[in-house]
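This report goes through one protein chain, from single residues to the chain as a whole. The sequence and the model come first.

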Amino acid sequence: MKDGFIKVACITPKVRVADVTYNVKQIQEAMEASAKAGAMIVVFPELCITGYSCHDLFYQRTLLTQAKAGLLSLAKKTEDLSGIFFVGLPWEHQGKLYNVAAALCGGKVLGLVPKIYLPNYAEFYEARQFTPGMQEIVNVCLEGQETDIPELVIASEICEDLWTPCPPSGRHCLYGATLIANLSASDEVTGKNAYRKDLVAMTSARLYCAYLYASAGEG
């Protein structure tokens, strides 16, 4: 931190659909580059470990197992990096599949934040694969490492959460959050880019917080 400011980064890595090994490598290289540049909070897109458009491949045990292994690999990498990193992946819990944001720091997974509002209209059909996130704190186990979703100054929500009448970020800020990380995979249609920018800017102004928004790109 310098003069009360910290450097942040929103990164859109190249990904390949369902190619976890390739995607993790791209994310890791971007993590290293951002840390070298001095970024202390780094946000990657929604489901970046697997790619957003895996569709029914999200049901495949192989993909889910590889995604979990990829997450642990990225977490271990943060042992040597300064800062906190947010990455997205599918996560199975008690037989249900969630779209989550994972916070990584100091070699550990600090928490998994599930997407609460699932778009299920027009070109979106996330409710086919995913379950809406739970509102209460739930403990999960990662290779003997217990994690939860604590009340942090840095909070997270995922894509559609921002577009709803009552985004989770509002509650986060009421509990003291001053920075929101949004992991998104928002598609492009005419006029949407400008609307999205305005939405992020007005949310930041309304909640009196910094708002970091990373969306998916090629792949």
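Ser34 is buried, with a relative accessible area of 7%, in a model that is predicted. The cut-off for buried is under 20% relative accessible area, so the 7% of Ser34 falls on the buried side. This serine belongs to helix α1, which covers residues 20-36.

Setting aside neighbours within four places in sequence, the contacts of Ser34 are Ile11, Ala39, Val42 and Phe85.

## Cys10 in strand β1

Strand β1 holds Cys10. The relative accessibility of Cys10 is 38%, and the residue therefore counts as partly exposed. That class lies between the buried limit of 20% and the exposed limit of 50%.

When residues up to four places away in sequence are not counted, Cys10 touches Val43, Leu212, Tyr213 and Ala214. Thr62 is 52 residues from Cys10 in sequence, and the C-alpha atoms of the two are 29 Å apart in space.

Most residues other than glycine have a negative phi. Ala18 has a positive value, with phi near 70°. Ala18 sits in the loop that links β1 (8-10) to α1. With a relative accessible area of 25%, Ala18 is partly exposed.

Leu47 also has a positive phi without being a glycine, at about 55°. The loop between β2 (41-43) and α2 (61-77) contains Leu47. Is Leu47 buried or exposed? Its relative accessibility is 0%, so Leu47 counts as buried.

How many disulfides does a search of the whole structure find? The search gives zero. Cys105 is in no disulfide, and the cysteine sulfur nearest to its own, that of Cys48, is 17 Å away. A disulfide needs two cysteine sulfur atoms within 2.5 Å, which is why Cys105, with its nearest cysteine sulfur 17 Å away, is not paired. Cys105 has 28% relative accessibility and so counts as partly exposed.

Cys166 is likewise in no disulfide. For Cys166 the nearest cysteine sulfur is that of Cys173, at 14 Å.

## Order of elements and overall dimensions

The chain has four helices and ten strands. Read from the N terminus, the elements follow the order β-α-β-α-β-β-β-β-β-β-α-β-α-β. The radius of gyration is 16 Å, close to the 17 Å that the globule rule gives for 219 residues, so the chain is as compact as a globular protein of that length. The C-alpha trace spans about 45 × 45 × 35 Å along its principal axes.

Of the contacts between residues at least 6 apart in sequence, 68% join residues at least 24 apart.

## Burial, surface and charge

Of the 219 residues in the chain, 50% are buried. The accessible surface of the chain is about 11,000 Å². Carbon and sulfur atoms account for 55% of that surface.

The chain carries 19 positive and 23 negative side chains.

Terms used:
Residues numbered from 1 in each chain as written. Predicted model: local features only at pLDDT ≥ 70, side-chain atom pairs only at ≥ 80, totals over all residues. Heavy atoms only, no water. Helix = DSSP H or I, 4+ residues; strand = E, 2+ residues; numbered from the N terminus. Rg over C-alpha atoms; globule rule 2.2 N^0.38 Å. Buried < 20%, exposed > 50% of the residue type's maximum accessible area, 1.4 Å probe, protein only. Contact = heavy atoms within 4.5 Å. Areas by Shrake-Rupley, 256 points an atom, 1.4 Å probe, with all protein chains shown as cover. Lys, Arg positive; Asp, Glu negative; His and termini not counted. Charge placed at Lys NZ, Arg CZ, Asp CG, Glu CD.
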